[in-house]
Amino acid sequence: MTGPRTSRYARDVAVVAFAQSDHLRRTDELSEVEMVMPVLHQVLAATGLKAGEIGFTCSGSSDYLAGRAFSFTMTLDGVGAWPPISESHVEMDGAWALYEAWVKIQTGEADTALVYSYGKSSPGSVRDVLTRQLDPYYLAPLWPDSVALAALQAQALVDAGETDEPALAAIAARSRADAGANPHAQLRGAVPQGDYQVRPLRTGDCPPVGDGVAAVVLAAGDLARQLCDRPAWITGIDHRIEAHGLGLRDLTDSPSTRIAAQRAGLFDAPVDTAELHAPFSSQEVVLRKALGLGDTVAVNPSGGALAANPMMAAGLIRIGEAAARIHRGASDRAVAHATSGPCLQQNLVAVLEGDTR
Amino acid sequence: MTAASPPEVLRAPLVVEFPFTRSLGPVQSAFLTGLRDGVVLGVKTSDGRVAVPPVEYDPVTSEEIRELVEVAATGTVTTWAWNDRPRPQQPLGTPFAWVLVKLDGADTALLHALDAPGPDAVRTGMRVRVRWAAERTGAITDIACFEPYDGPAPKAGPAPHDGVFQDPVTGIVAEARLDYVYSPGRAQTAYINALSEQRTVGERCPSCHKVYVPPRGACPTCGVATTDQVEVGPAGTVTTFCIVNIKAKNLDIEVPYVYAHIALDGAGLALHGRIGGIPYDQVRMGLRVEPVWTEGGRYPDHYRPTGEPDADYDAYKELI
Ligand SMILES: [Zn+2]
């Protein structure tokens, strides 16, 4: 067995386990910790590690989704954080929690990490909640919701001749069809495109709103090989952000994704799989271009965010799904992408590789 | 005994309001004051472009930028999206187009609403002009929206502007309200349902056997679900306390009064409550107390002495 082929970092770090909840429209009968805990148990069980044996724990979530202040301290109850553990939290998608954990392992301060994230959007109206992340002077007072902003980007793509409504519908249909094989997905099979939500985006071009959880375990070096038959080595990872002013950006392109991919070594060798965090069908068009993905690459075999989009977890799930394909031998080199902010403002790209078979 | 049906999920409205008062930098202040006075300002970026809306720092170099110019109140749509069902608080109550508009003289686009009869009347490249709000205060909403305009762009380019106005706007109040429907989850639902029968029900950790009151569904020490329900109390022991001398807003309780940590009998940790029925300066650690319910109360109004001898320190020292 050989090690990772293109590692450029001090330590070889791999995703050794991934677990996720079923993603559901509502989970009224569960508090956030009740929703998170089974997934934590599942991901730890996959490695045989106990919570106390994990070197670093990092989570991602947003209190605004469910309207509960400091909800992440409540969900930490599900980890078993006593005696006090080394722990951190980001008010972001869990992909960025994974990045922090990966850095922690690179520094040598930990050999393993538990990363989890969750979103419980059902108590509120996520379209309105997300307006509160916008510039408070020029944008937030207008309450432009997440679908409206994505629709502006979609129209810019249509105007530029990069896509059209039938092409967007095909992305939506392919995603939900592929999700037929994903028992955790919220939308599976044939889903009608429906009416315009905000034109040119129809219901089918938009992600489902729902509640869900994801968790991964990272491990370094030989420990990763002990914990997992075929670790998914993170041979590159980087994230970049663009200006917050929408009018300052070319919405038909994603230079931040492209630079992150370059720095993660994506273009050094072909990939067979891409898990892209494209909540809207039109955003897949932008990401395919930025990442230079050809027709031979399996894009979002899990169904992607169009099939399940738990806020703050859908990006981490992309990394988890790509890693799981490597674990089970369905992929040798995969790219995973996560996004944050309106119209793909911030983007994280990770390249994952399995040992040569 | 019949098998209990799962308790009905509890739901209650939850409103979160956060009106932030935000100060403005010099460029934002000039821009928003200008809108109040019917003038649209941009700022020159270090690569010579005119940014509207203007920013305090260069988007490429991050240098402070301060060179203001006046641009026209007319412009061109760079992209749009038709919004058939306006949401509360959006700029127009009737169907409208979201637009990014490059004002004449600007090199970047501004997000706003366009009042148009329907999607067929909107296209990228169409000419629009600002419709000013009737009452203006120095906010982005001083632009009520854009409206179609068939005139050409002015011949003159952006003119330098000193950004000086009478009574400049130096801050905004960013109102925000989000509405939720809160559900407490399995463990807290059981706790709340028991309280409605004036009982206090905790949950025991299957691993370390600690009884949590109120239960949150997980043992934070062991990281496992707490599933065994345990009725605790009704009496308990004051483990520690403080004397409150500041009258709380909207609270009809005379000061000074005592607020205490109370370990209910059988509970593995203390909850807190007010102590009544005893002069404030006679409350002590170890005092035995019981809950006092008021008519229709959803939780004990306060706790009063039971009259039992004080508890031994050893009996509650682990619960402080
Ligand atoms: Zn326990």
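Contact here means heavy atoms within 4.5 Å, and the legends that follow describe close-up views of a predicted model.

**View 1. Helix H1 of chain B lies across strands E3 and E5 of chain B.** The helix spans residues 26-36 and runs at about 155° to E3(B).

**View 2. Four strands of chain B form an open sheet with antiparallel pairing.** The strand order is E4-E3-E5-E11 in chain B. Strand E4 (50-51) and strand E11 (159-160) of chain B stand at the edges, and because each has a single partner strand, one side of each is left without a neighbour in the sheet.

**View 3. An open sheet of ten strands in chain A has mixed pairing.** The order of the strands is E3-E2-E4-E7-E1-E8-E12-E11-E9-E10 in chain A. At the edges stand E3 and strand E10 (298-299) of chain A, each with a single partner strand, so that one side of each lacks a neighbour in the sheet. Strand E11 (residues 333-340) and strand E12 (residues 346-353) of chain A run antiparallel and are joined by eight bridges, and in E12(A) the bridge partner of A:Thr339 is A:Asn347. Helix H1 (residues 32-47) of chain A packs on the sheet, where it touches strand E1 (13-20), strand E4 (112-120) and strand E7 (211-220) of chain A, and its direction makes about 30° with that of E7(A).

**View 4. Helices H9 and H10 of chain A cross at roughly 40°.** The axes of H9 (residues 255-263) and H10 (residues 281-291) of chain A come within 8 Å, and the crossing angle makes H9(A) oblique to H10(A). The crossing of H9(A) and H10(A) is right-handed. From H9(A), the contact is made by A:Thr257, A:Arg258 and A:Ala261, and from H10(A) by A:Leu287, A:Lys289, A:Ala290 and A:Leu291. The residues of this contact between H9(A) and H10(A) divide into four nonpolar, one polar and two charged.

**View 5. A salt bridge joins B:Arg216 to A:Asp77.** The closest N and O atoms of the pair are 2.6 Å apart. The pair crosses between chains, with B:Arg216 in the loop between strand E15 (211-212) and strand E16 (218-219) of chain B, and A:Asp77 in the loop between helix H3 (71-75) and strand E3 (87-90) of chain A. Over all chains, the count of salt bridges comes to 41.

Key
Residues numbered from 1 in each chain as written. Chains lettered and ligands numbered in written order. Predicted model: local features only at pLDDT ≥ 70, side-chain atom pairs only at ≥ 80, totals over all residues. Heavy atoms only, no water. Axes fitted to C-alpha atoms, helices over the stretch in contact; angles between N-to-C directions. Helix = DSSP H or I, 4+ residues; strand = E, 2+ residues; numbered from the N terminus. Parallel < 35°, antiparallel > 145°, perpendicular 65-115°, else oblique. Left-handed = near helix turned anticlockwise from the far one by under 90°. Nonpolar A, V, L, I, M, F, W, Y, C, P; charged D, E, K, R; others polar. Pairing = 2+ DSSP bridges. Salt bridge = Lys/Arg side-chain N within 4 Å of Asp/Glu carboxyl O.
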